[in-house]
Amino acid sequence: DGNFSDRILRVDLPEQGDVTIAGLSFVSGSAPGIAGGGGLLVRQDSNESFDGTLMISGNRFVNNDAYRGGGLEIRILDGQPPMSVQVLTNHFLINQATSAFGGAAHIEIFTPVQSRGELIAPPRVILAHNTIVDNTAPANGPGGVRFVGDMDEVFIASNNFWGNSTSDLALNLVLDPFVVLRNNNIEQLGSSVVVPDVDVDNISVQPVYEDCGAFCFDRTPVTASPLIDAGLAPGFFEPWSLPASDVIGRRRQLGEAVDIGAYEGTPDILFRDRFEGVEIPLGSSS
């Protein structure tokens with residue numbers, strides 16, 4: 001808990017090696033001046049490049065503020081192939097940016113000038129299975145997540161975007177990126193520099209959540225919610241991992257498919273045979 005006195009955590013990336021930040025809560029952090037990442041700032045050290053895998057998984061970002069990326073800022077200005085960034089199963093709630101650079105998160109990645117357009121293994125950025133709700137930014141920026149830079153592959157899948165000011169996403173990318181937008185719940189996509197190459201199975205439905213008490217921040221979809229079993233688990237063409245549990249420790253997949261968002265809800269199951277795995281949906285005559 002930063003008590004709005006300072007940013008909670010800054011991580012300077014090493015030149016070699018992988019970095020994982022998981023299972024933490026970042027609450028009421030505040031970045032000074034025009035800095036980014038009120039809850040968490042992950043940056044490349046000024047004297048280093050980065051060519052590893054950055055994993056940000058199973059965290060909560062609640063009520064943080066900054067100039068850019070109220071909850072989270074990832075800023076890599078010298079990313080070297082085969083660098084990848086994965087933001088998986090996190091919850092972003094009521095974070096604020098004072099600029100147009102993403103109320104929930106700002107992800108900025110560039111590769112060296114000499115390698116742009118010549119990458120053998122391009123930087124890959126994945127935003128999947130997150131709940132990103134009720135974050136704010138000024139009228140000309142997304143309250144949700146802003147991508148900027150020359151990342152070459154972007155996968156945005158199974159995220160629950162809702163209640164964010166102005167728009168949920170901004171894709172301000174250069175080069176000719178390959179962008180996949182799949183199985184998300186999106187209230188308002190907003191304007192982007194690039195158009196997704198793949199845009200399928202996205203929905204736009206007002207989410208309804210389980211009542212967990214007055215001071216509870218959980219956003220678990222109710223039984224029979226359209227978010228249940230509507231997500232996209234990773235496979236051969238979905239190059240990311242799926243954590244074994246959701247953001248509050250429930251088994252990640254309880255029904256026929258993974259749910260949209262960082263929370264796994266309870267599907268409409270009347271009976272489950274634990275020996276044979278047989279499931280009888282509610283309302284069945286069997």
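What follows is a short chat about a predicted model of one protein chain.

Reader: What should I know about the model and the numbering before I start?
Author: This is a predicted model, in which local features need pLDDT of at least 70 and side-chain atom pairs count only at pLDDT 80 or more, while totals for chains, interfaces and linings use all residues. Residues are numbered from 1 along each chain as its sequence is written, and side-chain values use heavy atoms, with hydrogens and water left out.

Reader: How many helices and strands does the chain have?
Author: There are 0 helices and 22 strands. Both are DSSP runs numbered from the N terminus: helices are H or I with at least four residues, strands are E with at least two.

Reader: What share of the residues is buried?
Author: Of the 286 residues in the chain, 51% are buried. Buried means under 20% relative accessible area, exposed means over 50%, and partly exposed is in between (1.4 Å probe, protein chains only).

Reader: And what percentage of contacts join residues at least 24 apart?
Author: The figure is 72%, taken among contacts between residues at least 6 apart in sequence. A contact means heavy atoms within 4.5 Å.

Reader: Salt bridges next. How many does a search of the whole structure find?
Author: The search finds 9. The criterion is a side-chain nitrogen of Lys or Arg within 4 Å of a carboxyl oxygen of Asp or Glu.

Reader: Which residue does Arg-43 meet in a salt bridge?
Author: Its partner is Asp-12, at 3.1 Å, N to O. That pair links distant parts of the chain, with Arg-43 in strand S4 (residues 40-44) and Asp-12 in strand S1, 31 residues apart. Arg-43 is partly exposed at 23% relative accessible area, and Asp-12 is partly exposed at 31%. Together with Arg-10, Asp-12 and Arg-43 are linked in a network of salt bridges.

Reader: What does Arg-60 pair with?
Author: The side chain of Arg-60 meets that of Asp-218 in a salt bridge of 3.0 Å, N to O. Asp-218 lies in the loop between S20 and S21 and Arg-60 in strand S6 (residues 60-62), so the pair ties together parts 158 residues apart in sequence. Asp-218 is buried, with a relative accessible area of 17%.

Reader: Asp-259 now. Where is it?
Author: Asp-259 sits in the loop between strand S20 (198-200) and strand S21 (269-273).

Reader: What lies 2.7 Å from a polar atom of its side chain?
Author: The backbone nitrogen of Gly-265 lies at that distance from the Asp-259 side chain. Leaving aside neighbours within four places in sequence, Asp-259 is in contact with residues including His-129, Leu-227 and Arg-252.

Reader: Backbone check. Which residue has a phi near 55°?
Author: Phe-4 does, a positive value in a residue other than glycine. Most residues other than glycine have a negative phi. Phe-4 lies in the segment before strand S1 (9-13) and is partly exposed, with a relative accessible area of 39%.

Reader: What is the phi of Asp-134, and where does that residue lie?
Author: Asp-134 has a positive phi of about 60° although it is not a glycine. Asp-134 is in the loop between strand S14 (131-133) and strand S15 (145-149), partly exposed at 32% relative accessible area.

Technical notes:
A polar contact is a pair of N or O atoms within 3.5 Å; within protein, one must be able to donate a hydrogen and the other to accept it, and residues adjacent in sequence count only if both atoms are side-chain atoms.
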